[in-house]
Amino acid sequence: MSAWGAFIGLLVSIFLIIRKVSPVYSLILGALVGGLLGGVLLPETVSLMISGVNDVTPAVIRILTAGVLSGILVKTGAAASISNTIIYRLGERHVFFALAFATMLLTAIGVFIDVAVITVAPIALSIGRKLAVPRGSFLLMMIGGGKCGNIISPNPNTIIAAENFHADLYSVMYANLIPALVGLLFTVYVIGRLLPRQNGFYANEEIDNLQAALPSFASSMVAPVVTILLLSFRPLFHVAIDPMIALPVGGIVGILAMRKWSLITDSLSYGLKKMSNVSILLVGTGTIAGVIKASSIKDVLLDALSHTNMGELLLAPVSGVLMSAATASTTAGATVASSSFADIIIAAGISGVWGAAMINSGATVLDHLPHGSFFHATGGVADISIRERLRLIPYETAIGAILAVGTIIAYLTVN
């Protein structure tokens with residue numbers, strides 16, 4: 001099947017998404033156009049699209065069950081308790097680090113990156129007013145921390161990448177730990193120094209008031225700790241506990257520890273709603289992934305990279321970058337890239353764990369482009385204009401690039 005057909009199909013999807021058409025329908029229509037223009041008859045095109053959806057179905061089930069953990073962390077106040085405690089303990093002197101680290105930790109334990117930013121934003125904006133720091137600067141710290149946490153989290157992008165590479169989820173998360181920490185330091189101490197900042201006074205009383213009605217930090221950490229322990233059983237003890245079991249069990253144990261069982265119904269409803277939106281998006285990405293997988297676009301990309309010294313190695317992160325740019329979504333980018341390129345990456349001698357890890361970090365490089373929802377959701381929560389939000393894109397891209405390069409270096413170091 002022609003690479004040009006698949007490429008034009010991607011362009012059609014991007015154009016429709018920019019025009020505010022539903023991303024799911026945009027991707028489905030792009031897949032249909034790509035197959036037909038690629039030289040495949042309509043029945044075969046539909047078969048390829050359905051095949052692509054079938055490939056992501058196991059991951060969709062795991063993502064839906066992950067909603068139990070995510071919903072409990074948000075609706076019980078555990079996520080807010082964790083972020084507020086970190087910011088309170090680190091204080092004014094390290095406010096940029098506190099905001100970035102708090103958002104990183106929330107995302108790393110399974111909260112969606114946009115939800116993590118929304119959770120930390122109220123206290124960040126309060127601090128910003130007292131310190132006379134531009135809201136865009138604080139927003140960038142939260143986004144950078146969220147990106148770092150996203151590549152080591154049991155979030156949909158990591159789950160789908162691990163699933164498509166048939167790799168252990170915990171191992172994929174662990175592989176990106178050092179790059180995530182490097183990205184955090186880069187966000188705070190490199191990007192942070194490039195941003196305008198003024199001195200001011202920051203009182204801790206406001207945080208104390210915010211923290212008073214929330215569960216304790218210790219009880220809030222029970223859910224993510226139990227989840228990570230269960231996921232680690234496979235690499236540590238050779239006992240496989242599927243994420244479909246580990247994530248909801250961690251959430252249930254956590255809500256019991258916080259004594260918030262009365263909120264279980266609201267938590268499950270919230271988690272299911274968030275994950276349902278992602279799952280429906282994955283149906284659309286699955287259709288276009290099926291078409292791309294059947295096309296020769298992989299060969300074109302590999303041929304273009306062959307002129308470099310690390311052509312086959314770069315295929316994983318570059319495919320993550322390109323597909324996240326096309327969809328303006330970490331999850332959709334990781335889905336399309338891992339579904340389309342997993343086989344050829346593994347055939348090049350790269351393990352499933354590292355292939356998934358590199359695609360996952362590559363998908364953070366351009367997932368913030370304006371035709372995606374993340375761009376607008378984060379700009380809205382910080383109440384900044386579109387022009388101000390656009391100015392943050394180069395900084396966000398630099399953070400994502402550091403994460404992608406960090407994963408490549410980590411792979412070369414280990415191998």
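**A first chat about this chain**

Student: Hi! What does the accessible surface of the chain come to, and how much of it belongs to carbon and sulfur atoms?
Tutor: The accessible surface is about 16600 Å², and carbon and sulfur atoms account for 65% of that. Keep in mind that this is a predicted model.

Student: Okay! How many helices and strands are there in the chain?
Tutor: The chain has 22 helices and zero strands. Its radius of gyration is 21 Å, close to the 22 Å from the globule rule for 415 residues, so the chain is as compact as a globular protein of that length.

Student: And roughly what box do the C-alpha atoms fill?
Tutor: Along the principal axes, the C-alpha atoms take up roughly 65 × 45 × 45 Å.

Student: What percentage of the residues count as buried?
Tutor: That would be 58% of the 415 residues. There is also a lot to say about contacts: taking those between residues at least 6 apart in sequence, 80% join residues at least 24 apart.

Student: Switching to charges: how many positive and negative side chains are there?
Tutor: You'll find 22 positive and 19 negative ones, with the centres of the two sets 9 Å apart.

Student: Now some single residues. Is serine 26 buried or exposed?
Tutor: Serine 26 counts as buried, because its relative accessibility is 0%. This serine is part of helix α2, which covers residues 23-37.

Student: So what is serine 26 in contact with?
Tutor: Once neighbours within four places in sequence are set aside, serine 26 has contacts with Ser13, Leu16, Ile17 and Val21.

Student: Where is glycine 77 found?
Tutor: Glycine 77 sits in the loop between α3 (42-75) and α4 (78-90). This glycine is buried too, as its relative accessible area is 10% and the cut-off for buried is under 20%. Not counting residues up to four places away in sequence, glycine 77 touches Leu214 and Pro215.

Student: What about arginine 234, which helix is its place in?
Tutor: Arginine 234 belongs to helix α13, residues 222-237. With 44% relative accessibility, arginine 234 is partly exposed. Leaving out residues up to four places away in sequence, arginine 234 touches Asp168, Val239 and Ala240.

Student: How far apart are arginine 234 and valine 111?
Tutor: They are 123 residues apart in sequence, and their C-alpha atoms are 23 Å apart in space.

Student: Let's talk rings. How many aromatic pairs does a search of the whole structure find?
Tutor: The search turns up six aromatic pairs. One of them is tryptophan 4 with phenylalanine 7: the ring centres are 5.8 Å apart and the planes lie at 85 degrees, so this pair is edge-to-face.

Student: Why are tryptophan 4 and phenylalanine 7 separated by about one helical turn?
Tutor: Because they are three residues apart in helix α1 (residues 3-18). Tryptophan 4 is exposed at 62% relative accessible area, while phenylalanine 7 is partly exposed at 36%.

Student: And how are the rings of tryptophan 354 and tyrosine 411 arranged?
Tutor: Their centres are 5.8 Å apart and their planes are at 65 degrees, so this pair is edge-to-face as well. The pair links distant parts of the chain, 57 residues apart: tryptophan 354 is in helix α19 (residues 352-362) and tyrosine 411 in helix α22 (residues 393-414).

Student: Are tryptophan 354 and tyrosine 411 buried or exposed?
Tutor: Both tryptophan 354 and tyrosine 411 are buried.

How values were computed. Residues numbered from 1 in each chain as written. Predicted model: local features only at pLDDT ≥ 70, side-chain atom pairs only at ≥ 80, totals over all residues. Heavy atoms only, no water. Helix = DSSP H or I, 4+ residues; strand = E, 2+ residues; numbered from the N terminus. Rg over C-alpha atoms; globule rule 2.2 N^0.38 Å. Buried < 20%, exposed > 50% of the residue type's maximum accessible area, 1.4 Å probe, protein only. Contact = heavy atoms within 4.5 Å. Areas by Shrake-Rupley, 256 points an atom, 1.4 Å probe, with all protein chains shown as cover. Lys, Arg positive; Asp, Glu negative; His and termini not counted. Charge placed at Lys NZ, Arg CZ, Asp CG, Glu CD. Phe/Tyr/Trp six-rings, centres within 6.5 Å; stacked < 30°, edge-to-face > 60°.
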